[in-house]
Amino acid sequence: MATKIRLARGGSKKRPYYRIVVADIRSPRDGRFIEKVGSYDPMLPKDSENRVQLNVERIQYWLETGAKPTDRVHRFLDAAGLLKRDPRNNPKKAELGAKAKERLEAKRQAEEEAAAAAAEAAAAPAEEAASEEAAAE
């Protein structure tokens with residue numbers, strides 16, 4: 001039987017509370033599970049020791065028998081020193097989309113045109129002043 005160590009949601013609306021459970025991969029998120037091995041209360045401050053509680057012995061047993069943790073539970077286990085989690089790298093995540101690139105290009109062109117118009121406007125009075133001085137002499 002394939003098993004996962006995952007979160008099962010409890011608590012009321014807008015007040016989440018999660019049990020960390022070992023469950024068959026075919027069972028629903030909040031449904032039947034094999035064993036409760038910890039809890040996670042996201043409403044507590046991040047530095048609180050009661051935010052994540054783990055039964056380390058049972059988790060090690062289930063990891064040895066082949067249970068795979070979900071990504072969030074893997075983070076908890078990494079913080080507890082039970083597993084090593086490699087950081088993910090997605091360089092395309094920071095890239096802008098096609099429309100955002102178009103808007104950025106249009107904005108840059110508008111700024112260049114405005115700067116060129118301002119330079120022309122500043123140059124025109126200087127030319128007029130030079131021509132007035134030449135006419136006065």
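Reader: By about how many helical turns are Glu112 and Arg108 separated in helix α3?
Author: Helices are DSSP runs of H or I with at least four residues, strands are runs of E with at least two, and both are numbered from the N terminus. Glu112 and Arg108 are 4 residues apart in helix α3, so the separation is about one helical turn.

Reader: What kind of model is this?
Author: Residues are numbered from 1 along each chain as its sequence is written, and side-chain values use heavy atoms, with hydrogens and water left out. Local features need pLDDT of at least 70, side-chain atom pairs count only at pLDDT 80 or more, and totals for chains, interfaces and linings use all residues, since the model is predicted.

Reader: At what N to O distance do the side chains of Glu112 and Arg108 meet?
Author: Side chains of opposite charge can pair when their charged atoms come close. A salt bridge needs a side-chain nitrogen of Lys or Arg within 4 Å of a carboxyl oxygen of Asp or Glu. Glu112 and Arg108 form such a bridge, N to O, at 2.6 Å.

Reader: Is Arg108 buried or exposed, or in between?
Author: Buried means under 20% relative accessible area, exposed over 50%, and partly exposed in between, with a 1.4 Å probe and protein chains only. Glu112 has 46% and is partly exposed. Arg108 has 37%, so Arg108 too is partly exposed.

Reader: How many salt bridges does a search of the whole structure find?
Author: One of them joins Asp30 to Arg29, with the closest N and O atoms 2.8 Å apart. Asp30 itself is partly exposed at 38% relative accessibility. The search of the whole structure gives 8.

Reader: How many residues apart in sequence are the parts that Arg85 and Asp71 tie together?
Author: The side chains of Arg85 and Asp71 form a salt bridge of 3.5 Å, N to O. Arg85 lies in the loop between α2 (71-80) and α3 (98-136) and Asp71 in helix α2, so the sequence separation is 14 residues.

Reader: Arg51 is buried; how far away is the nearest side chain of opposite charge?
Author: Arg51 lies in the loop between β3 (35-40) and β4 (52-54). Lys and Arg count as positive, Asp and Glu as negative, while His and the chain ends are not counted. Arg51 has no salt bridge, and the nearest side chain of opposite charge, Asp41, is away by 7.2 Å.

Reader: Which residue has the backbone oxygen that the side chain of Arg51 reaches?
Author: Contact means heavy atoms within 4.5 Å. Leaving out residues up to four places away in sequence, Arg51 touches several residues, including Ser39, Tyr40 and Lys46. At 2.5 Å, the Arg51 side chain reaches the backbone oxygen of Leu44.

Reader: How many aromatic pairs does the count come to?
Author: Rings of Phe, Tyr and Trp (its six-membered ring) pair if their centres lie within 6.5 Å; planes under 30 degrees apart count as stacked, over 60 as edge-to-face and the rest as tilted. By this rule, the number of aromatic pairs is 3.

Reader: How are the rings of Tyr18 and Tyr40 paired?
Author: Their centres are 5.8 Å apart and their planes are at 20°, so the Tyr18 and Tyr40 pair is stacked.  Tyr18 lies in strand β2 (residues 15-24) and Tyr40 in strand β3, so parts 22 residues apart in sequence are tied together by this pair. The arrangement of Tyr18 and Tyr40 is thus stacked.

Note on methods
Polar contact = N/O pair within 3.5 Å; in protein donor to acceptor, adjacent residues only side chain to side chain.
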